[in-house]
Amino acid sequence: MPPGPVGTGAGPAGQGQGPRAGAGGAGRGASALAALATGHGYDRWGARVLYVLPILVTLVPLLAFARTAWLAVLGVLAWGAANGLQDSTVKALVADLVGKDRRATAYGVFAAIQGAAAIGGGALAGGLYATALPLLVVIIAVSQVGTALLLHRTLGQD
């Protein structure tokens with residue numbers, strides 16, 4: 001799981017850091033529950049459950065960077081839920097979109113794009129966090145509108 005919002009204690013550096021480590025653990029718990037719930041939802045209703053992902057991703061910076069502790073905790077939970085949905089259900093969509101003979105290649109391409117986007121997004125977030133946090137929130141929200149439109153186009157081809 002990638003590092004979480006600043007100060008959550010998520011990831012290796014956050015181990016054993018008291019309440020911050022607890023918030024990271026809560027995020028990982030939300031990830032597990034979201035993976036189970038959205039996996040079940042995907043099996044029942046199909047890829048439409050993925051429309052939740054852009055909403056969750058947009059909520060993360062709005063909540064996680066709040067100055068109120070309980071809002072920040074909600075942000076960590078949203079981050080965890082987004083990770084759980086992405087780590088499980090998005091891969092199910094890849095499997096549905098690609099034939100069995102090309103599935104391993106598709107997973108590799110997906111992982112490479114996801115990794116490159118994580119590096120680029122992390123660099124952008126790191127650069128804007130201290131100097132232009134509102135701009136960072138706007139960029140994330142706009143990118144998620146694009147994500148929802150791309151998802152809609154992809155699902156419309158079924």
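Against which helices do the buried residues of α2 pack?

1. Basis of the note. This is a predicted model, in which local features need pLDDT of at least 70 and side-chain atom pairs count only at pLDDT 80 or more, while totals for chains, interfaces and linings use all residues. Residues are numbered from 1 along each chain as its sequence is written, and side-chain values use heavy atoms, with hydrogens and water left out.

2. Overall make-up. The protein has 5 helices and 0 strands, where helices (H or I, at least four residues) and strands (E, at least two) are DSSP runs numbered from the N terminus. Along the sequence the pattern reads α-α-α-α-α. Of the 158 residues, 32% are buried; buried means under 20% relative accessible area, exposed over 50%, and partly exposed in between (1.4 Å probe, protein chains only). Among contacts (heavy atoms within 4.5 Å) between residues at least 6 apart in sequence, 65% join residues at least 24 apart.

3. Helix α2. The buried residues of α2 pack against α3 (69-97) and α5 (133-156). They are Leu 53, Pro 54, Leu 56, Val 60, Pro 61, Leu 63 and Ala 64. The helix covers residues 52-64, and its 13 residues should span 18 Å at 1.5 Å a residue; the end C-alpha atoms are 18 Å apart, which agrees. The expected span is 1.5 Å times one less than the number of residues.

4. Helix α5. This helix has 24 residues and reaches 35 Å from its first C-alpha to its last, close to the 34 Å expected. Its buried residues are Leu 136, Val 137, Ile 140, Gln 144, Leu 151 and Leu 155, and they pack against α2, α3 and α4.

5. An exposed leucine. Leu 149 also lies in α5, yet this residue is exposed, with a relative accessible area of 58%. Its C-alpha atom is separated by 9.7 Å from that of Tyr 51, 98 residues apart along the chain.

6. The pairing of α4 and α5. The axes of α4 (residues 103-129) and α5 come within 8 Å and cross at roughly 150°. Axes are lines fitted to C-alpha atoms, for helices over the stretch in contact, with angles from 0 to 180 degrees between N-to-C directions. The angle makes α4 roughly antiparallel to α5, a term for angles over 145 degrees. Leu 124, Ala 125, Leu 128 and Tyr 129 in α4 meet Leu 133, Leu 135, Leu 136 and Ile 139 in α5. By class, this contact has 8 nonpolar, no polar and no charged residues; Ala, Val, Leu, Ile, Met, Phe, Trp, Tyr, Cys and Pro count as nonpolar, Asp, Glu, Lys and Arg as charged, and the others, Gly among them, as polar.

Notes: Angles under 35 degrees count as roughly parallel, over 145 as roughly antiparallel, 65 to 115 as roughly perpendicular and the rest as oblique.
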